[in-house]
Amino acid sequence: MFKKVVALIQPLADEKNLELSLSLDPNLPRDIFADDNRIRQILINLLSNAVKFTPAGKIVVEAILLDDYMKQPYWQIKVQDTGIGIPAESIDALFQRFSQVDHGVAREFGGTGLGLAICQELVTRMKGRITVESEVNIGTTFMVTLPLSEAQDEDDNSDLL
Ligand code: ATP
Ligand code: MG
């Protein structure tokens, strides 16, 4: 499923001459890569942001197994770009609905400012966390940390989106 989403975004990256790479931790259980609408939606949102807000350079998508935290195994999705970055004062409001950093690129590309709010909602439903590290004009990394147990849950998640 990671591969499918990357393939979906690849033409957009090609158009801007951005390198797009995917690295999947071989230690992750295979269930992680099964079709999960929530993970797919999160990936699409984060990757389309990375492409949208990166004028040059590369985007790296990673899925890694984390060391046990509170005796529970966690895994993490990382989407890293070399884009315009997000000023520190804008980070707090980032996951709120309709929040867009007021820079030319967001205006130029439009969008509604809902992508990250949706990501946040989905991650919360999976009992995970979404965090961001960013430096203006250097790049941005979004990290989604999820309990493995949720990924292996057979729970029907078709109620969303
Ligand atoms: P939508 O996702 O609804 O099409 P959007 O992309 O503007 O619109 P979000 O995905 O919620 O909205 O992102 C909110 C804002 O956060 C963006 O408008 C942009 O200012 C900033 N942002 C998000 N991702 C990045 C990134 N990778 N690099 C720089 N800025 C980002
Ligand atoms: Mg978006």
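**Exercise 1.** Over how many bridges do strand β3 and strand β5 pair, and is the sense parallel or antiparallel?

*Solution.* The structure is a predicted model, in which local features need pLDDT of at least 70, side-chain atom pairs count only at pLDDT 80 or more, and totals for chains, interfaces and linings use all residues. Residues are numbered from 1 along each chain as its sequence is written, and chains are lettered from A and ligands numbered from 1 in the order in which they are written. Helices (H or I, at least four residues) and strands (E, at least two) are DSSP runs, numbered from the N terminus. Two strands pair if DSSP finds at least two bridges between them. β3 (residues 74–81) and β5 (residues 139–147) are joined by eight bridges in the antiparallel sense. In this pairing, Tyr-74 is opposite Pro-147 of β5.

**Exercise 2.** Check the span of helix α1 (residues 2–15) against expectation.

*Solution.* The expected span is 1.5 Å times one less than the number of residues. For the 14 residues of α1 this gives 20 Å, and the end C-alpha atoms are 20 Å apart, which agrees. After α1 comes Asn-17, with a positive phi near 60°.
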